[in-house]
Amino acid sequence: MKKKIIIETILNTRFSVNSEVEQFRKFAELGLQKEWIDYRIDLFMKYALVSLLNQTNQNFLSIVVYLDSTEQIVLDALKKYDSLPENVLFVNHKDLNKLKYDYIKDSDLYYEVRLDSDDMYA
C-alpha cells in the first residue's frame with residue numbers, strides 16, 4: 001500500500017481583507033506586509049523547519065501556502081536562507097491543488113494535516 005502524507009500551513013492568513021469584521025480585516029492586511037511575512041518565514045526557518053528536518057521519517061510533503069499577491073515578497077524572503085529540502089515547499093495558493101494532486105495521484109491512501117501558522121511541529 002502506497003501512503004502519502006501532506007502537511008499544509010497557511011503563511012499569510014485565513015481571513016479576507018474584504019471582511020466585514022474589522023478585526024479580521026486588519027489581521028488579513030497585516031499578513032500581506034513585507035515585515036510580517038519576513039518575520040513569519042524567519043520563525044518557520046528557526047523552529048518548524050528544524051523540527052521537520054529532525055523527523056526520523058521524511059516520507060511527507062510539507063507545504064507552506066502563501067497568497068498570490070505576496071509571491072514576490074515571499075520569494076525575496078526565502079533568498080536569505082539555504083535551499084529547502086525537496087519535501088518542504090513554499091507554494092503560491094493558485095498552484096496548491098495541482099501540486100497536492102500530483103503528489104497523491106499514485107497513492108492508495110493519503111493523510112492531510114493542516115496547521116495554523118502559529119502551531120508548532122512536534
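**A chat about a predicted sheet-and-helix model**

User: Hi! How many aromatic pairs does the count come to?
Analyst: The count comes to 1 aromatic pair. Rings of Phe, Tyr and Trp (its six-membered ring) pair if their centres lie within 6.5 Å, with planes under 30 degrees apart called stacked, over 60 edge-to-face and the rest tilted. This is a predicted model, where local features need pLDDT of at least 70 and side-chain atom pairs count only at pLDDT 80 or more, while totals for chains, interfaces and linings use all residues. Residues are numbered from 1 along each chain as its sequence is written, and side-chain values use heavy atoms, leaving out hydrogens and water.

User: Why is the pair of Phe 44 and Phe 90 edge-to-face?
Analyst: The ring centres of Phe 44 and Phe 90 are 5.4 Å apart and the planes stand at 85°, so the pair counts as edge-to-face. Phe 44 lies in helix H2 and Phe 90 in strand E3, so the pair ties together parts 46 residues apart in sequence. Helices (H or I, at least four residues) and strands (E, at least two) are DSSP runs numbered from the N terminus.

User: Let's zoom out. What pattern does the protein chain follow along the sequence?
Analyst: The protein chain reads β-α-α-β-α-β-α-β, and its secondary structure comes to 4 helices and 4 strands. Of its 122 residues, 38% count as buried.

User: What order do the strands take in the sheet?
Analyst: The 4 strands form an open sheet in the order E3-E2-E1-E4, with parallel pairing. Strand E3 (88–92) and strand E4 (109–115) are at the edges with a single partner strand each, so one side of each has no neighbour in the sheet. On average, neighbouring strands are turned by 25° against each other, direction ignored.

User: How many bridges join E1 and E4?
Analyst: E1 and E4 pair over 7 bridges, in the parallel sense. For E1 and E2 it is 5 bridges, also parallel, and 5 bridges join E2 (residues 61–66) to E3. Two strands pair if DSSP finds at least two bridges between them.

User: Which residues does Ile 7 pair with?
Analyst: Ile 7 stands opposite Val 113 in E4, and its bridge partner in E2 is Ser 62. Ser 62 in turn has Val 88 as its bridge partner in E3. Also in E3, Phe 90 is the bridge partner of Val 64.

User: What about the core: which residues have the most contacts inside the largest one?
Analyst: Those are Leu 11, Ile 41, Phe 44, Met 45, Val 74 and Phe 90, in a nonpolar core of 19 residues. H2, E2, helix H3 (71–78) and E3 each give two or more residues to this core, and H2 supplies the largest share, 8 residues. A second, separate core of 8 residues includes Ile 6, Leu 61, Ile 63 and Val 65. Such a core is a set of buried Ala, Val, Leu, Ile, Met, Phe, Trp, Tyr and Cys residues joined through side-chain atoms within 4.5 Å.

User: Which way do the side chains of E2 point?
Analyst: Leu 61, Ile 63 and Val 65 point one way, Ser 62, Val 64 and Tyr 66 the other, and all are buried. In E1, 6 of the 8 residues are buried, so E1 is largely enclosed by the rest of the structure.

User: Switching to lysines: is Lys 100 buried or exposed?
Analyst: Lys 100 is buried, with a relative accessible area of 12%, and its place is in helix H4. Leaving aside neighbours within four places in sequence, Lys 100 contacts Ile 6, Glu 8, Ile 63 and Glu 112.

User: And where does Lys 4 lie?
Analyst: Lys 4 lies over the face of Tyr 103, 4.5 Å from the ring centre. A charge sits over a ring if NZ of Lys or CZ of Arg is within 6 Å of the ring centre and within 35 degrees of the ring normal.

How values were computed:
Axes fitted to C-alpha atoms, helices over the stretch in contact; angles between N-to-C directions. Buried < 20%, exposed > 50% of the residue type's maximum accessible area, 1.4 Å probe, protein only. Contact = heavy atoms within 4.5 Å.
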